[in-house]
Amino acid sequence: MGLWAYIGRRLVLAALVLIMVSIGTFLLSHAVPGDPISAIIGERQADNPEVRAQFERRFGLDKPLPLQYAYYVRNLLRGDLGLSISTRQPVVEDLQQFVPATIELTIAAMIFAITVGVPLGIIAAVRQNRWPDHLTRFIALIGTSVPVFWLGLLFLYVFFYRLRWLPGPGQLDPGMSRPDYVTGMVTVDAILARDWDALRSVLRHMVMPAVVLGSFAMGIVARMLRSSLVAAMSDDYVRTARAKGLVERRVVAGHALRNALIPTVTVLGLTFAGLLTGAVLTETIFSWPGMGQYAVKTAIKLDYPGLLGVTLVIAVTYVLFNLLVDVIYGILDPRIRIS
Amino acid sequence: MTDTRLSDLVQAMNEGRINRRQFIQWALALGVSLPALALGPGAGAAPASPPRVPSSRSQTDATTLIIADNLAGNWITLDPARIYEVNSQAAMNVVYECLYHLPDSTKADQFEPLLAEAMPDVSADGKVVTIKLRPGVKFHNTGNEMTSADWIYSWNRLKAVADNPSFLAEYVGTYEAVDPLTLKLTLETPNAALVPILAATPLSVTDSKAVMEQGGADLTSAGTPEAQGTIDFMTKQSAGTGPYRVTTWDIETEVVVEAHADYWGGAPKLQRIIWRNVGDPNTQLQLVQTGEIDIAYAVDPDKVAEVEADPNLQIFQAPTLNLDYLAFNTSEAVGGPLAKKELRQAIAYAIDYDGIINGLSGGASIRPATMIPLGLLGTEEVKDLAYKPDLAKAQELFATVGGPVELTLTYGADASSSNGVSLDVLLAKIQADLQKIDGLTVKLNPMDQAQRLADFRAAKIAFTFSGWSADYPDVHAYAEPFGKTGGAAAKRVNYSNPQVDALLAQGIGELDPEKRKQTYIDLQKLMIDDAAFIALEQPIDRKPASKAVQNVTTHSIYMIQLRYASKTA
Amino acid sequence: MASATVQQHSVLLGSGAVLNKRRTPLGDAFRTLRRQPVAMSGFAIICAWLILALLAPILPIQDPNHQDIANRLQPPGPGHIFGTDDLGRDMVSRVIYGARISLPAGIVVILITGTFGCLVGAVAGYIGGWLDNVIMRIADAVLSFPSIILAMSITAASPFKDQRLFNALIAVALVLWPEYARVMRGQVLAIRSNEYVTAAEAIGASRGRVLLRHILPSTDAPIIVKATLDVGAAIVLTAGLSFIGLGAVPPNPEWGAMIKAGADKGTQYWWYAAVPGLAIMSVVMALNFFGDGLRDALDPRRRGR
């Protein structure tokens with residue numbers, strides 16, 4: 001089977017997964033025995049059959065289930081995710097508002113993971129089995145062991161409540177308006193609007209949630225880089241480089257590191273999708289107005305158009321990443337294409 | 001939980017089965033495609049949010065009042081035909097206006113004319129009500145003059161959109177415009193609570209011309225769907241007569257209202273009021289303490305002492321008209337042993353009310369005897385009849401039920417009492433109190449709040465904790481739902497007492513205040529003995545604020561009375 | 001439940017001892033492991049928690065549900081070493097009793113989900129074809145759900161309304177199985193092409209027999225490492241569900257629920273969230289220490305480095 005045929009087949013499979021995800025979420029959210037209507041209309045109005053019927057019509061809840069799904073898919077293909085029950089806005093509009101905040105937080109978390117994880121990994125590999133290595137592995141291990149929600153609380157207590165070094169929950173200082181919506185990412189929009197106060201504020205607010213969210217990825221990066229660097233340094237070409245008399249620093253920086261970084265970068269790419277999920281708890285603790293908070297809000301209010309929207313965004317991201325990895329596998333190892 | 005294929009991949013690469021350039025390409029592709037991927041469908045579309053005013057620093061000066069609340073969680077809209085949320089009433093009260101209003105909720109019977117010129121003129125049989133409108137009132141969005149036609153349109157619209165508050169339109173009977181400044185209401189039966197009802201914010205007036213320009217529908221029949229244009233317009237702007245108008249509506253960040261200089265009552269003292277979206281009450285308090293905001297909506301009872309000790313802060317406080325209560329299903333089929341009045345009374349005698357009010361709620365509550373809050377007609381008179389903790393009596397009553405009893409106490413998960421006490425904590429306290437009765441076991445069952453409400457409404461829950469807030473501040477707004485057979489709350493516990501029904505029918509038609517009061521006193525005595533509901537606490541609302549804030553009070557309906565607010569520098 | 005835990009460990013060690021004689025990789029690993037102080041300290045911490053959990057009822061501590069409103073929210077000090085919560089309950093006792101919930105929960109969930117995932121993965125890898133495709137696509141679909149959101153929906157949709165902790169555990173199990181299926185499938189695919197498997201098939205052994213006798217025994221090492229690490233992950237995920245209000249029912253002293261309650265109270269009452277948080281952290285770190293050591297010990301390439 002040729003590479004393109006293999007990729008084509010993977011694409012079809014990815015599409016199948018997405019369809020299964022959409023059916024799965026749709027069924028799951030409809031299996032919830034709760035009453036989404038009463039979740040949004042007051043105690044009093046849910047008793048009024050006329051009002052109930054009106055709401056059911058508005059949100060399409062009066063149709064049989066397969067028909068509701070058919071409508072959902074048809075609208076989905078038109079880029080219409082329906083009307084959110086909890087915010088009463090189109091879900092697409094909600095996502096445009098919440099997703100950018102999550103993306104910028106996730107990118108910031110990634111930056112943290114790289115800028116801290118990579119040096120740690122290098123130090124650990126170079127000073128293998130000595131105290132810097134043990135210390136680094138210990139830090140990396142803490143990063144992957146501490147529950148995000150607890151680390152978040154700890155940071156808030158130390159850096160906000162006690163030391164007052166960093167601002168508390170939220171995205172901007174209170175009393176500060178968001179810059180004009182261009183990309184939805186406040187950092188970028190602040191730069192575009194040349195609103196340096198807002199930029200400073202959003203960056204300061206971002207430090208804690210980014211570190212908390214990125215700590216897990218940081219641990220992974222450090223450990224992954226250490227092990228691949230250790231492996232690379234015992235490879236033949238590195239030995240050759242050493243034999244040629246190159247100084248150890250140039251051996252590490254010039255040869256081993258370049259090779260060891262590649263798997264680490266790939267790992268990072270895959271962790272990114274996982275971070276989008278990890279954002280749920282982080283955003284809840286730091287009142288970060290992103291997709292995670294929206295997910296919790298829609299789940300609490302049994303708002304399935306909204307919940308479905310969030311799930312689809314995350315699922316699409318994840319499936320596409322999987323697809324990429326599968327394709328890479330296919331290129332690497334032609335045997336896989338056949339099975 | 002890393003992807004296990006990663007390690008395979010790394011191994012593959014370490015073993016040299018890779019082309020490095022290919023990998024760098026893939027890695028780059030990953031990084032670049034991310035933002036696009038995560039945006040998902042519709043990402044290409046132009047941002048649909050409204051054009052924003054250029055970013056401006058809102059100054060914490062004497063003309064700007066900044067308030068923090070969990071907007072994203074508690075606010076939905078300020079459209080009078082759709083509003084049913086509690087916290088946003090503070091903004092509603094300064095943006096839209098009713099015929100009557102209640103300036104101070106601690107004087108719950110002192111309603112005053114607002115857009116009406118005087119109190120209503122009621123015919124001898126109590127069925128025809130004539131109301132004169134205040135002349136020269138202008139809408140803040142267009143400057144159009146308010147007339148009776150606007151009222152007719154607004155009430156029609158409230159009915160037609162069939163949303164949460166639409167039922168309020170039923171109370172005003174049939175209405176017509178006699179002349180541009182006179183309304184005539186024809187009721188089927190006399191209604192002693194008409195003025196409080198007319199003060200409910202959904203019955204306020206909207207600029208009919210402005211709404212119709214947005215594609216407002218012909219509103220002759222209920223259930224007329226409204227044009228999306230109208231819904232958007234009414235969500236993101238305002239079209240009322242109030243002293244402030246909405247200029248920014250973004251509940252994820254802030255809601256801003258600006259002063260209406262041409263206001264009929266004279267220009268307001270503040271230039272603008274800003275509500276900030278701050279979800280966590282502890283953060284709200286910290287922001288007040290650092291002077292970044294002026295008023296916080298909520299405060300943990302255990303933090304009140306801290307606020308009181310702060311020389312820069314004050315606390316606005318007043319009793320609410322909200323109630324936290326326990327409800328027992330009185331039917332054998334659902335309630336089981338709870339169908340026996342003695343068991344319900346035993347439970348009422350076992351609860352340590354003082355521990356709840358002074359321990360958990362930090363004293364921020366009072367306790368009425370029945371499901372009618374203190375401050376309303378005829379409640380002070382029965383206050384002392386409330387159940388008091390008496391374990392011996394509880395045990396004695398429990399003995400008449402016979403045999404051990406196991407109950408499941410259902411409540412909304414992840415919710416708090418009206419005082420901000422976590423229900424997990426409050427209910428664990430009640431569980432421990434009830435289990436002091438020998439032979440009684442209580443299991444806690446936290447349930448999704450929406451689902452609990454649905455089940456409770458369908459009268460499927462035997463024993464539950466719930467809360468209630470007023471639709472309008474009148475004794476009848478509580479006595480009817482809780483007392484009347486088939487009433488909104490009574491039917492959830494299958495409660496029915498014909499004597500109470502008879503008294504209720506008398507009470508609503510009785511226009512003489514003294515006779516009316518006696519009716520409600522008699523009725524409450526019956527309800528105390530029936531013990532279908534136990535009122536646990538009526539919270540005192542407490543809002544920490546900067547001392548610079550003046551002429552503000554908490555309010556049982558509007559949350560915060562901001563109509564007269566001002567600030568010192 | 002706690003006794004099942006101990007049993008599980010003795011099985012683990014026991015099989016190690018048996019394998020020792022045959023000089024299998026697992027046996028070597030355990031001998032290597034004994035020389036690793038970090039891994040052994042992890043093992044010791046886990047054992048200490050298990051013993052505390054087991055002995056909780058006979059330890060000289062308060063009833064975890066004993067309320068004392070007059071002494072609510074007391075900071076750590078004499079009488080209450082870790083302070084009290086907002087009903088005046090003793091934090092020491094609640095954290096220790098919490099171990100009786102979290103530890104067995106994490107272990108049982110991983111036993112169930114691991115067994116299920118491995119079986120499914122092994123079948124998929126060995127039989128292959130359309131069955132493999134279907135199973136792995138389902139696994140992909142489950143993996144592409146945000147785990148916590150999937151768990152939220154499952155908890156909400158579960159028919160066992162008054163068994164919230166049980167629901168949360170089911171949710172965690174449903175979220176984690178595909179990873180085991182993937183690891184197992186990969187291993188089975190690799191082993192299947194080995195000569196001894198082909199030989200067994202050639203002499204007419206049934207598929208089931210080949211899978212059970214020849215393939216599965218060679219796959220244990222990575223799965224055991226993963227399971228050890230995942231017990232921690234399961235504890236954290238369960239606590240996370242409790243943290244957003246979908247886990248244990250009050251007044252049960254579940255760690256995640258305690259952290260949530262403490263967080264609601266605010267940073268002023270820091271010990272309320274800090275104490276159960278430290279408990280979770282110590283357990284998960286201990287498991288990671290142990291699991292990491294186990295992985296290094298099992299990996300012939302890393303041993304001795």
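1. A definition to start with: two strands pair if DSSP finds at least two bridges between them. With that in hand, look at the open sheet of chain B in which 4 strands follow the order β4-β5-β7-β6, with antiparallel pairing. Its edges are β4 (121-122) and β6 (174-179) of chain B, each of which pairs on one side only. Please keep in mind throughout that this is a predicted model.

2. Inside that sheet, β5 (residues 128-132) and β7 (residues 182-186) of chain B run antiparallel and are joined by 5 bridges. If you want one pair to click on, take K132(B), whose bridge partner in β7(B) is T182(B). Helix α5 (residues 148-160) of chain B packs on this sheet, where it touches β6 and β7 of chain B. The direction of α5(B) makes about 165° with that of β6(B).

3. Now for some context on chain B as a whole. Its secondary structure comes to 19 helices and 22 strands, and 54% of its 569 residues are buried. Taking the contacts in chain B between residues at least 6 apart in sequence, 69% join residues at least 24 apart.

4. Why is β10(B) described as largely enclosed by the rest of the structure? Because 5 of its 6 residues are buried. Strand β1 (residues 64-69) of chain B runs parallel to β10(B), and 6 bridges join them; here L65(B) stands opposite I273(B). Strand β9 (residues 254-259) of chain B pairs with β10(B) in the antiparallel sense, over 5 bridges. In that pairing E254(B) has R276(B) as its bridge partner.

5. Next, how far does helix α19 (residues 513-530) of chain B reach from its first C-alpha to its last? The span is 26 Å for 18 residues, close to the 26 Å expected at 1.5 Å a residue. An α-helix has 3.6 residues a turn, so residues three or four places apart point the same way. The buried residues of α19(B) include R516(B), T519(B), Y520(B), L523(B), Q524(B), M527(B) and I528(B). Those buried residues of α19(B) pack against α12 (341-350), α17 (476-483) and α18 (498-509) of chain B.

6. On domains, the assignment for chain B gives domain 1 (2-39), domain 2 (64-277 + 547-567) and domain 3 (323-541). The centres of domain 2 and domain 3 of chain B, taken over C-alpha atoms, are separated by 33 Å. Their contact takes 18 residues from domain 2 of chain B and 16 residues from domain 3 of chain B. On the domain 2 side, the residues divide into 11 nonpolar, 7 polar and no charged.

7. Finally, the contact between chains C and A. It takes 34 residues from chain C and 38 residues from chain A. Which elements give two or more residues to the chain C side? They are α5 (129-144), α6 (147-157), α10 (220-243), α11 (255-265) and α12 (270-298) of chain C. The largest share, 9 residues, comes from α12(C). By type, the residues on the side of chain C that touches chain A divide into 22 nonpolar, 9 polar and 3 charged.

Terms used: Residues numbered from 1 in each chain as written. Chains lettered and ligands numbered in written order. Predicted model: local features only at pLDDT ≥ 70, side-chain atom pairs only at ≥ 80, totals over all residues. Buried ≥ 20, exposed ≤ 12 C-beta atoms within 10 Å, placed from the backbone. Contact = placed C-beta atoms within 7 Å. Nonpolar A, V, L, I, M, F, W, Y, C, P; charged D, E, K, R; others polar. Axes fitted to C-alpha atoms, helices over the stretch in contact; angles between N-to-C directions. Expected span 1.5 Å × (residues − 1). Domains from an automatic or database assignment.
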